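Subject: Structure handover

Dear colleague,

I am passing on a structure for you to look through, and I would be glad if you kept it open while you read the notes below it.

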Amino acid sequence: MQTDQFYWVPGANWQPALNGVDTKSSLVLCFGPADLFAQHLHTLTTSFPNAVISGCTTAGEILDDQVRDNSLSLTSIAFNKASVQAIQLEVSSFSSSLSAGQALAAKLPHESLRHVLIFSDGLCVNGTDLARGLTQKLPEAVSVSGGLAGDGDQFLNTATWLNGPPKSGHIVAVGLYGENLSLAYSSFGGWDPFGPDRLVTRSETNILYELDGRSALELYKEYLGPHAQELPGSALLFPLSIRADTLAEERVRTILAIDEKTGSMTFAGDIPQGCHVRLMRANFDRLIDGASIAAQKATLDSGQGFALLISCVGRKMVLKQRVEEEVEGVRQILGEQVHMGGFYSYGELSPLIDKVGCTLHNQTMTITSIGER
């Protein structure tokens with residue numbers, strides 16, 4: 001397995017230069033703004049004619065231990081024996097995110113399938129249902145990871161791509177095939193809870209209407225104080241953790257939108273009625289330590305390969321100029337022989353630790369390490 005990495009920023013050429021035609025690469029992951037990817041699409045398809053080229057828009061691009069905005073980060077992987085197949089579906093063609101996930105899983109060939117990378121529109125998809133649909137239709141031994149595309153802190157338009165121009169409202173599934181693949185994955189947060197538990201007294205899938213019989217949005221604004229004037233963007237700084245008897249552990253959920261008329265909040269994943277929630281707030285050191293903990297659990301035995309890093313935009317907004325510290329922490333754990341690339345997202349997909357399948361996470365650093373034996 002050979003991995004090469006490149007990046008492009010406005011006013012400069014690709015670094016390092018894209019020289020000639022690479023016919024060996026089987027997978028190219030490119031993250032950045034949709035307009036920049038569209039501008040370079042012809043160059044990429046010419047440079048990597050035999051590769052599956054996929055990626056999505058972001059809230060920041062990760063390459064090695066650097067975090068950039070308004071750039072393209074590109075990782076080219078040439079597998080020795082493993083192979084890649086990918087599909088892209090439009091969300092609106094299905095009745096729900098659940099059925100879209102089921103369709104993605106059904107359309108990917110299952111023979112020799114080991115892992116699926118998901119890059120999804122970040123605004124029109126219920127990540128919980130997407131993960132559930134994928135898990136229901138994929139073989140039990142297949143793991144799934146990936147993320148919901150970002151749009152900085154604007155929440156206006158996200159897009160994904162697969163061997164073609166950016167498309168909003170689409171989900172890409174990239175299947176990795178071969179018994180020689182080595183895989184490791186993990187996801188970890190680092191937020192602190194505050195305030196009392198609140199009972200979800202009215203919700204529908206990922207829309208929260210009432211907490212303790214009160215308007216959820218009204219109650220949330222009381223906690224935010226002056227930050228309430230900056231909603232929905234400021235909600236990234238104060239996510240909710242959910243707890244229910246059916247859940248093995250707490251989940252953190254990111255707010256995507258608010259509705260003043262209904263007093264509701266829309267989240268990246270489900271907020272089950274009858275569960276309890278608490279507000280969360282940032283702890284700088286714990287966020288950075290959380291990224292390192294995720295890296296410890298996503299280390300390959302060989303110490304070589306590629307690590308896909310998907311971190312939440314909320315972490316980036318909190319850490320600000322310290323944002324590279326969480327990526328540097330991952331580098332220290334994984335070592336210099338592992339190439340790192342990825343993006344800041346609106347939601348992260350990864351199995352629970354020591355399990356396969358797929359679960360939606362929010363406000364975490366999620367790492368997928370890929371190698372070949």
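The notes below cover a sheet, the helices beside it and a cavity.

Please bear in mind that this is a predicted model, in which local features need pLDDT of at least 70 and side-chain atom pairs count only at pLDDT 80 or more, while totals for chains, interfaces and linings use all residues. Residues are numbered from 1 along each chain as its sequence is written, and side-chain values use heavy atoms, with hydrogens and water left out.

An open sheet of mixed pairing is formed by 6 strands in the order β5-β4-β22-β21-β25-β12, where strands (E, at least two residues) and helices (H or I, at least four) are DSSP runs numbered from the N terminus, and two strands pair if DSSP finds at least two bridges between them. Its edge strands, each pairing on one side only, are β5 (66-68) and β12 (181-188). Within the sheet, β21 (residues 305-312) and β22 (residues 338-345) pair in the parallel sense over 8 bridges, and A307 has M340 in β22 as its bridge partner.

Helix α7 (residues 323-334) lies across β4 (61-63), β5, β21, β22 and β25, contact meaning heavy atoms within 4.5 Å. This helix α7 runs at about 150° to β22, with axes fitted to C-alpha atoms (for helices over the stretch in contact) and angles taken from 0 to 180 degrees between N-to-C directions.

Finally, A298, T299, L300, G303, L334, V338 and S369 line the largest cavity, a cavity being a set of points on a 1 Å grid over the protein atoms alone where a 1.4 Å probe fits but cannot get out, and lining residues having an atom within 4 Å of a point.

Best wishes

Conventions
On a 1 Å grid over the protein atoms alone, a cavity is a set of points where a 1.4 Å probe fits but cannot get out, and a pocket is an open set with protein on both sides within 12 Å along at least five of seven lines; lining residues have an atom within 4 Å of a point.
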